Amino acid sequence: MKRIFLILFLVFLGLKNFAQDAIPTGSEWYYEIVSGGKVSYQYLSCQGDTTVNDEDVKIIIKSNTLYNKEALSTEIEYIYEEDSIVYWYNKKLGDFTVLYDFTAKANDGWRINVLDTAVNMKVDFVNYLDYMGVMRKVIHARDRADNYNGLIVYGIGHLKSFFPEELLDNDYRVNGLRCYWLNGELLYKHGLSDCETFYDLEENESAEFLIYPNPARDAVFLKLPQNNRNSLDPMSVEIFNMMGVLVRRHENCEGYIDVSDLTAGTYFFKVGNKGKVLIINR
């Protein structure tokens, strides 16, 4: 009965209002990367098509720009989609592996072959999100070691790291999606910083605020730094979902903040011009 209702619901809204491609050609991503206490960015671009192992695949150009702006590394990755499953080419094994499975339901899972090891993913929850008039399926999944976790959005990709970089032999850590562009249009932006922002973690430490517990259940506590309170004067506290939509706003708030009405998931918690990721588990 639920399945029939869902089908009728989708027909009512019209298929044209749903994301039609898991990773559209023309997509561009900026992810934040951290290396040696310095923060810079990773740029990905879905630029064209080719054939690998008899599969028609999309080409993803991945470039890492490090803090000195001189160390630039570029790699080419290959992906394709079939029946709402995104496959990624494992260069070491010379074969494709599942990267995202958008057919998965809560408590389902899939296996990603990363280099010569295997990672088992498990789905925490599945939802649909209306963003700018387009319905997108959203999956929250994680591996057993909780290294490759977070939201995976149909039509955009993983909001933490497009590929499981934490499981590769890298000297950097991917720290979340900053910006997503499609055919020159900005569709997603995390926080106020530019897509190509560079900064030193130590220089920014004194301006950080604290929210705890994180992950949270029904409430969080906000604590501002004593040595730099003016830069974070909490005239407003804003909470955004991971598609950049404002879901809560509090005025003149420090201390206890009730979040019991928010659904489980990942959010962006902003005070002044600073922000942190907040996870709500129930």
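**Notebook: strands, burial and rings**

I began with the fold and counted 2 helices and 21 strands in the protein chain; these are DSSP runs numbered from the N terminus, with helices (H or I) of at least four residues and strands (E) of at least two. I keep in mind that this is a predicted model, where local features need pLDDT of at least 70, side-chain atom pairs count only at pLDDT 80 or more, and totals for chains, interfaces and linings use all residues. Residues are numbered from 1 along each chain as its sequence is written, and side-chain values use heavy atoms, with hydrogens and water left out.

Next I looked up burial. Of the 282 residues in the protein chain, 47% are buried (under 20% relative accessible area, 1.4 Å probe, protein chains only).

Then I checked contacts (heavy atoms within 4.5 Å). Among those between residues at least 6 apart in sequence, 45% join residues at least 24 apart.

On to the rings: how many aromatic pairs does a search of the whole structure find? I got 16. Rings of Phe, Tyr and Trp (its six-membered ring) pair if their centres lie within 6.5 Å; planes under 30 degrees apart count as stacked, over 60 as edge-to-face and the rest as tilted.

I picked out Tyr 30 and Tyr 41, a tilted pair at 5.7 Å centre to centre with 50° between the planes. Tyr 30 sits in strand β1 (residues 27–35) and Tyr 41 in strand β2 (residues 38–52), so their pairing ties together parts 11 residues apart in sequence. Tyr 30 is buried at 12% relative accessibility, and Tyr 41 is buried at 11%.

Last, I found a cluster linked by ring pairs, with Trp 29, Trp 88 and Tyr 100 among its members.

Note on methods
Buried < 20%, exposed > 50% of the residue type's maximum accessible area, 1.4 Å probe, protein only.
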